[in-house]
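Hello,

Here is the structure to look through. My notes follow below it.

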Amino acid sequence: IANHMNASDIYTMGDSYNDISMIEYAGMGIAMANGNDSIKEKADYVAPSNDEDGIAETLKRVVGL
């Protein structure tokens, strides 16, 4: 039996133009606060900046880890 993951099951994080398609595809697209405005507009959630431990804080708040 092959495992299948839906886009709705995927969380992604990005901060630049090259991340936009990934952010749009994922069920939960997360942009970093210090990222480009264009990616923040596409994101479902804007995480604190890298200087504020944004990835760790988002994993706690959004993902529940």
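In which helix is Ile 55 found? Ile 55 is found in helix H3; helices (H or I, at least four residues) and strands (E, at least two) are DSSP runs, numbered from the N terminus.

This is a predicted model, where local features need pLDDT of at least 70, side-chain atom pairs count only at pLDDT 80 or more, and totals for chains, interfaces and linings use all residues. Residues are numbered from 1 along each chain as its sequence is written, and side-chain values use heavy atoms, with hydrogens and water left out.

Ile 55 is partly exposed, at a relative accessible area of 45% (buried means under 20%, exposed over 50%, partly exposed in between; 1.4 Å probe, protein chains only).

Strand E1 covers residues 11-14, and its side chains alternate. E1 pairs with strand E2 (residues 28-32) in the parallel sense over four bridges; two strands pair if DSSP finds at least two bridges between them. Ile 30 in E2 is the bridge partner of Met 13.

Ser 49 lies in the loop between strand E3 (45-47) and H3. Why does Ser 49 count as buried? Ser 49 counts as buried because its relative accessibility is 12%. Apart from neighbours within four places in sequence, Ser 49 is in contact (heavy atoms within 4.5 Å) with Met 32, Ala 33, Asn 34 and Gly 54.

Regards
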